[in-house]
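Subject: Handover of a structure and its findings

Dear colleague,

Please find below the structure that I am handing over to you. I would be grateful if you would look through it before reading the notes that follow.

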Amino acid sequence: MTKRKKRIGKRRSAAVETATNYKLMDAFAGHLTRVVQVRLFQLYFERLGHLGVSPGAFAVLTAISSNPGIPHGALSDVLAAHGPNITKLVDRLVREGWVERHKLPDDRRTTGHFLTATGKAKTDAVLKAGLAHDKDATSALSAAERATLLRLLAKLDRALAADSHPG
């Protein structure tokens with residue numbers, strides 16, 4: 001029987017030990033990945049919510065920051081998200097004044113995404129806070145364990161991406 005701390009509402013300090021059996025569910029990588037993602041998102045909103053950037057927007061801003069001029073399809077691919085969802089999110093970031101779309105000089109048929117000066121400043125602030133959040137959220141792991149976790153997640157992502165077929 002696995003013991004877990006269970007959150008009550010949004011108060012992290014109100015953890016209660018439960019004796020619920022999670023053994024079967026914990027045998028599934030997808031289940032554990034989803035549970036960890038939910039917990040990471042909860043912490044993200046608690047610690048970075050005041051910055052006004054959702055985890056999805058953070059991912060888009062970071063991808064554009066690392067790849068100025070990234071086309072829409074490549075942005076969707078790198079974030080493993082459907083094109084229409086990325087369109088809605090980028091539209092919001094354009095309205096916020098953080099992202100601009102421009103035709104790419106080497107292929108005028110393709111639109112690239114770029115950060116504005118405001119978007120760069122916002123991305124830099126969120127990235128700094130996000131890195132601190134990620135380090136804190138994984139503090140239960142040693143540096144070697146964290147590196148192994150990231151390497152294994154990246155390996156699994158590559159394998160799943162190679163097997164996926166857009167539907």
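How many salt bridges does a search of the whole structure find? The search finds 5 of them, a salt bridge being a side-chain nitrogen of Lys or Arg within 4 Å of a carboxyl oxygen of Asp or Glu. Side chains of opposite charge can pair when their charged atoms come close.

Before the details, a word on the basis of these notes. The model is predicted, so local features need pLDDT of at least 70 and side-chain atom pairs count only at pLDDT 80 or more, while totals for chains, interfaces and linings use all residues. Residues are numbered from 1 along each chain as its sequence is written, and side-chain values use heavy atoms, with hydrogens and water left out.

Overall architecture

The protein has 6 helices and 5 strands; these are DSSP runs numbered from the N terminus, with at least four residues for helices (H or I) and at least two for strands (E). Along the sequence, the order is β-β-α-α-β-α-α-β-β-α-α. Of the 167 residues, 22% are buried; buried means under 20% relative accessible area, exposed means over 50%, and partly exposed lies in between (1.4 Å probe, protein chains only). The protein exposes about 11500 Å², with carbon and sulfur atoms supplying 60% of that area; accessible areas come from the Shrake-Rupley method with a 1.4 Å probe, and for residues only the protein chains shown count as cover.

Salt bridges

Arg101 pairs with Asp91, and their closest N and O atoms are 2.6 Å apart. Because Arg101 lies in strand E4 (residues 99-104) and Asp91 in helix H4 (residues 83-95), this pair ties together parts that are 10 residues apart in sequence. Arg101 is partly exposed at 34%, and Asp91 is partly exposed at 27%.

Arg146 forms a salt bridge with Asp134, with 2.2 Å between the closest N and O atoms. This pair links distant parts of the chain, namely helix H6 for Arg146 and helix H5 for Asp134, 12 residues apart. Both residues are partly exposed: Arg146 has a relative accessibility of 26% and Asp134 one of 29%.

Arg109 forms a salt bridge with Asp107, at 3.1 Å between the closest N and O atoms. Here Arg109 is exposed at 72%, whereas Asp107 is partly exposed at 23%.

Nonpolar core and surface

In soluble globular proteins, nonpolar side chains tend to be buried together. The largest nonpolar core in this model has 18 residues; such a core is a set of buried Ala, Val, Leu, Ile, Met, Phe, Trp, Tyr and Cys residues joined through side-chain atoms within 4.5 Å. Val53, Val60, Leu75, Leu93 and Val99 have the most contacts inside this core. Helices H1 (29-48), H2 (55-66) and H4 each give two or more residues to the core, and H2 gives the most, with 5 residues.

Leu141 sits in the loop between helix H5 (117-137) and helix H6 (143-163) and is partly exposed at 32% relative accessibility.

Yours sincerely,
A colleague
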